[in-house]
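Dear colleague,

I am passing on the structure we spoke about, with the sequence alongside.

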Amino acid sequence: MSSSSTAAETAPMTMSHPRAEERLLHLGAGPSAFPIEVLERARAELITLPGAGMSPLELSHRSAPFEELLLRAQRAFAALYGLKAYGGGGEEEHELLLLQGGASLQFSMIPLHYGAGGAYINTGTWSTRALKEARIAWGEEGASEPWSSESEGFCRAPVTEQITLKGDEPYLHYTSNNTIYGTQLRAHPALSCEGVPLVIDASSDLISRPLDLSRCDLVYGGAQKNAGPAGVTVVMGRPELLRRAPVERRCPTTLRYQTHAKSNSLYHTPPTFGVYLVALVAEWALAQGGLEALNARAERRAGEVYALLDRYPSLYQGHASPESRSLMNVTFRLPSPELEERFLREASALRLTGLKGHRSVGGVRASLYNAVTDEAVETLVRHLERFAQAGS
Ligand code: PMP
């Protein structure tokens, strides 16, 4: 080792475990908080996964213990969402794929499978990126934008409006939760033509609420907010879509849904440790009572935060219109950069972290994902209250 090695490089490889109570109260937008029970379990199993004789990090993706982990993830998702657990379901049942490439790669895979003509509801940065990929594939006229709140700073989602479609669109894409702007569509948008299949980017509200899959062809998201670690992409799709050849004949093999559906997400080396953690997180979500219970908890907790913001409207200026407010990401500004700075500094002193708003909105963003503890939410609410009282 060179004499210029840093302290981290020379630190001994054996170290004591930091105590759970030393952890910060993580309200960041993603990668985000993990349930402590999942971390404890992963720590206990890190050296030897029971029955496998080795670490989950060391498992071959072709081994029986890994297939069991994958099956556990599929079973837990099946129980949460009412999916078919394992390939080959009926036409109406959705299958779970665990892929790589993040939600961003799905933006590209989707238009390659449907062809031109998709409609995109534009509620923010991620919808805009999804639309951009469809236009890269099929040209400017190759995807439509029947609704956008761009001119209003993306403060709304079409919660109460009807989206007018031509009727022959192969799919309608929307982002169910806009992580950056703090808006959410908690029910499918009303469409002038109900028959158009829905494709949903649910990256930031996966496994946080029940979802009516009957009208959906595809629901997808990066796992790194509610469903596991960065590096795993959750895809729940209708078998007909997942097994059909892409419209674009030059579509690379790894970008074809059928490649992954036929091989049960084992076409190439999956993110094995990530899949293990997705299984643990999904099982944890079930143990919390499933999607109804998690949704009720999210409503209660976000309700407390919004109620506090509403009590001090001249200090806390919410970004989202009230009807579009997200239960997952609460976004607001304070009257000056100095006050925002002080709010964040004082929050850090309370061990609250991850609260700085995204650079395109500024201000403050509190992400209240499933694994955020009640202690973190209560500390935030107390901080909001005390800060407002101290300043008024
Ligand atoms: N969609 C939404 C709603 C997101 O929040 C994000 C990431 N923050 C993305 C897409 C992009 O996901 P990834 O980084 O997994 O590509």
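This is a predicted model: local features need pLDDT of at least 70, side-chain atom pairs count only at pLDDT 80 or more; totals for chains, interfaces and linings use all residues.

Residues are numbered from 1 along each chain as its sequence is written, and side-chain values use heavy atoms, with hydrogens and water left out.

Domains

The domain assignment divides the protein chain into domain 1 (64–287) and domain 2 (290–389), such bounds coming from an automatic or database assignment. Where the two meet, 30 residues of domain 1 and 25 residues of domain 2 take part in the contact, a contact being heavy atoms within 4.5 Å. The C-alpha centres of domain 1 and domain 2 are 27 Å apart.

Helix H8 and its surroundings

Helices here are DSSP runs of H or I with at least four residues, and strands are runs of E with at least two, each numbered from the N terminus. Helix H8 (residues 272–287) has 16 residues and reaches 23 Å from its first C-alpha to its last, close to the 22 Å expected at 1.5 Å a residue, where the expected span is 1.5 Å times one less than the number of residues. Because 12 of its 16 residues are buried, H8 is largely enclosed by the rest of the structure; buried means under 20% relative accessible area, exposed over 50%, and partly exposed in between, with a 1.4 Å probe and protein chains only. Among the buried residues of H8 are Tyr276, Leu280 and Trp284, and the buried residues of this helix pack against helix H2 (36–45), helix H3 (64–81), strand S2 (95–99) and H9. Just after H8, Gly289 takes a positive phi of about 110 degrees.

Ser263 sits in the loop between helix H7 (257–262) and H8 and is partly exposed, with a relative accessible area of 22%. Its C-alpha atom is 9.9 Å from that of Leu97, although 166 residues separate Ser263 and Leu97 along the chain.

Leu294 and helix H9

Leu294 belongs to helix H9 (residues 290–311) and counts as buried, at 2% relative accessibility. Leaving aside neighbours within four places in sequence, Leu294 is in contact with Ile207, Ser208, Ala285, Gln288 and Asn370.

Helix H11 and His383

The 18 residues of helix H11 (residues 374–391) should span 26 Å at 1.5 Å a residue, which agrees with the 26 Å between its end C-alpha atoms. The cover over the buried residues of H11 includes H9, strand S14 (329–333) and helix H10 (337–349). One of those buried residues is His383, with a relative accessible area of 3%, and beyond its neighbours within four places in sequence His383 is in contact with Tyr316, Phe343, Glu346, Ala347, Leu350 and Leu352.

Cavities

A search of the whole structure finds four cavities of 30 Å³ or more. A cavity is a set of points, on a 1 Å grid over the protein atoms alone, where a 1.4 Å probe fits but cannot get out, and lining residues have an atom within 4 Å of a point. The largest cavity holds about 50 Å³ of space, a volume being the space filled by probe spheres set on the points, which are joined across faces, edges and corners. Its lining includes Phe34, Lys225, Val281, Tyr369 and Asn370, and draws at least three residues from each of domain 1 and domain 2.

With best wishes

Terms used: On a 1 Å grid over the protein atoms alone, a cavity is a set of points where a 1.4 Å probe fits but cannot get out, and a pocket is an open set with protein on both sides within 12 Å along at least five of seven lines; lining residues have an atom within 4 Å of a point.
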